[in-house]
Amino acid sequence: MELGLLGIIGIAVLVGVAVLSKRVGVAAPLLLVVVGIGFSFVPGAPRFTIPDEWILTGILPPLLYAAAIKTPVTDFRRNLTPIASLSVALVVVSAFVTGLLLHALLPGLGLAAAVALGAVISPPDAVAATSIGRRLGLPPRLLTVLEGEGLVNDATALVLLRSAIAASAGALAGVGAAVADFAFAVVVALIVGYVVGVVTVFVRSRFDDPVLDTALSLAVPFIAFIPAEELHASGVLAVVIAGIYTGHHSASRLDARARISDNVNWRTVQFLLENGVFLLIGLEVRGLLQDIDQSLLTVGQTVLIGLLATLTLIVLRFLWVFPLVLLMRRLPSRAERRTLQLRRGLGRLKQQPTLDARQKRRKRVLTRLYQRRKADLDLERREGLGWKGATVLGWSGMRGVVTLAAAQSLPESFAYREQLVLIAFTVAVTTLLVQGGTLPALIRVLRIEGIDVGSDHEESATLFDELRTEGLRVLDDPQAIMGEDVRVDEEVLDRVRTDTGRRSEFEWERARLSEQKLVRSPHRQYRDLRLAVLAAEREALLAARARGTYSSRVLARAQRVLDVEETRLRPRSGS
């Protein structure tokens, strides 16, 4: 009963803080940390502790999977260099630099144990940064880099943590063995994650029942995580790979109902888990302070070391990010040279009067590569990052979920074990409150230009024009769809053409008209009138249910039809 009551209170707090955060303009993770700290010091409040394996095995896999399935592969590939630099190289460098610092400050703490704590505090959590960035309109490329970093850096840190713990226990012979162990964990995780993604997408594509599909979907992160961990690889990385594969292939392989269900279910899971862990960070602070052995190292000294480690991590990130952004600014010129090379190759092929089979295949390949490179070049020109973007990227180094869980997984045999956990929590809480709390002001002061709404509307309208053109081609020969023996009424064809063109017409209205005029645009008028009709139909449905003249099956089916139609017509954010 007590556990159930705590669960109800916890969900109520998460929902209430989420509503409050939208009104006050402060990211929910920051408010939850403050609420958790405040509640932990209330007289008589229970002490909250969750075993680290619950977080690492039960919370982290679905949390990362929920983020991975929403990651666009195209954007991830375009920004692979900065993502890899931040999520792998910077994490490793940060772990060793802070490890050396802690080794020097804490007598008796072995270097391997110090590097283990460095791995714990090295991976930033992108949740708070991206939630703030989306609300304030950061450039899409910057958000992609932050999200990609947040997906991969957890795997890097946890693999490095495992290797450091093994080294401290004498299980690794030397640096070479540690590097080999790291490489093995990564390669096996990539294979496991890819295989799980392929198999589960194939199985789910055979389901016609969204309930069964949802049930399997909820199990996928654990199907990827557990085998990878049993093979002594990175379960977290396997989950990320499986999630990215699933998200990318869902559009072509899964049913539309499955995609809708996935979107709602995983957004809910992500909301509860993400925010729940941030609340837990605050709730555990008092217990951590009580566990400290003051005779070994006082709380004040421990917190001071944590603040010094935080400063070191911030400085390291800035020293890494500014050269990285300079490299990113040079990428367009390199992409331009490659695009020019491809265009010249295509030009030479086009000048030839005839092409053999091999040359035709080469022409098709070069055409696809040219179109991809040109798209990459156009995107980089539109979303190039300068010193302002580097400043925001450097300041977006808040720690969170992984730091909380990994700190508590440190072996009891480590010297200063309680102090090490408090150092990690100090880094997490300080970065969340200081960096996360000031990030909105920094973005506003720098006046970073985000998405060009007008350009986005025009691009969207052009895309829907292309979709409509290709979609209507199938109506040129309706007998091929319906069968030669079926006569298709011309009024039916006109109705299909009209319905198909509505979305494209609305997109062009949105691109050409101001928001004030858009309210009275033909598409908005149609949508408002259709919603009014649906509202009247819903009232009639409720009246029919009250009379009891129809069976519950028929009433439920009508309810679903009205719900689907209303969902389709309801304006979404930004539409």
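Start with a lining: the residues around the largest cavity divide into three nonpolar, no polar and six charged. Here Ala, Val, Leu, Ile, Met, Phe, Trp, Tyr, Cys and Pro count as nonpolar, Asp, Glu, Lys and Arg as charged, and the others, Gly among them, as polar.

This is a predicted model, where local features need pLDDT of at least 70 and side-chain atom pairs count only at pLDDT 80 or more, while totals for chains, interfaces and linings use all residues. Residues are numbered from 1 along each chain as its sequence is written, and side-chain values use heavy atoms, leaving out hydrogens and water.

**Stop one: the cavity**

Select Arg204, Phe207, Asp208, Asp209, Pro210, Asp213, Asp255, Arg257 and Ala258. They line the largest cavity (points on a 1 Å grid over the protein atoms alone where a 1.4 Å probe fits but cannot get out; lining residues have an atom within 4 Å of a point). About 50 Å³ of space lies inside the largest cavity. Now show α10 (210-230) and α12 (256-283): each supplies at least two lining residues. Helices are DSSP runs of H or I, at least four residues, numbered from the N terminus.

**Stop two: a helix pair**

Select α8 (residues 140-168) and α9 (residues 175-205). Their axes come within 10 Å and cross at roughly 140 degrees (lines fitted to C-alpha atoms over the stretch in contact, with angles from 0 to 180 degrees between N-to-C directions).

Next, pick Thr156, Val159, Leu160, Arg162 and Ser163 in α8; they meet Ala178, Asp181, Phe182 and Ala185 in α9 (heavy atoms within 4.5 Å). By class, this contact has five nonpolar, two polar and two charged residues.

Conventions: On a 1 Å grid over the protein atoms alone, a cavity is a set of points where a 1.4 Å probe fits but cannot get out, and a pocket is an open set with protein on both sides within 12 Å along at least five of seven lines; lining residues have an atom within 4 Å of a point. Grid points are joined across faces, edges and corners, and a volume is the space filled by probe spheres set on the points.
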